[in-house]
Amino acid sequence: MKILNAIKKLEKNGFSVESNGNQYWVETEKHNLSFLKNGGNSEEITCIQFRRINDHSDSMTDYHAGYFCNTLTEGIKALKSA
C-alpha cells in the first residue's frame, strides 16, 4: 500500500497521522499503530505494528512490544476494538 493511501485510510477512520520522516503513527489513549516507509525512494509502507502506548521493545531481554499486522486494515480493527 502506498503511504498517501495509508494516511487517507487512517484519516477516513478518524485518526490523525503523525510523522517524523520515515515513520508514521496514530495514537489513541492506550494504543499506538505505526508503520515505516519501505526505504529508498519507495512510497510503499512496511512493518505495521500495534502496541500499547507505554510498552516498548527491549533488545537486551529479547522482548518485543505489541505485534505486527499483515495489513493496515487489521491494524485499524485492532485500534478500534482495543
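1. Basis. Residues are numbered from 1 along each chain as its sequence is written. In this predicted model local features need pLDDT of at least 70, side-chain atom pairs count only at pLDDT 80 or more, totals for chains, interfaces and linings use all residues, and side-chain values use heavy atoms, with hydrogens and water left out.

2. Strand β3. Helices (H or I, at least four residues) and strands (E, at least two) are DSSP runs, numbered from the N terminus.

3. Pairing. Two strands pair if DSSP finds at least two bridges between them. A hairpin of three residues joins β2 to β3. W25 stands opposite S34 of β3, while N32 has R51 in β4 as its bridge partner.

4. S34. This residue of β3 is buried, at 5% relative accessible area. Beyond neighbours within four places in sequence, S34 is in contact (heavy atoms within 4.5 Å) with Q23, Y24, W25, C47, I48 and Q49.

5. Core. A nonpolar core is a set of buried Ala, Val, Leu, Ile, Met, Phe, Trp, Tyr and Cys residues joined through side-chain atoms within 4.5 Å. The largest has 17 residues, and L10, L33, F35, I48 and L72 have the most contacts inside it. α1 (3–12), β2 (23–27), β3 (31–37), β4 (45–52) and α2 (72–81) each supply at least two of its residues. Leaving aside neighbours within four places in sequence, L33 is in contact with residues including L10, I48, L72 and L79.

Methods
Buried means under 20% relative accessible area, exposed over 50%, partly exposed in between (1.4 Å probe, protein chains only).
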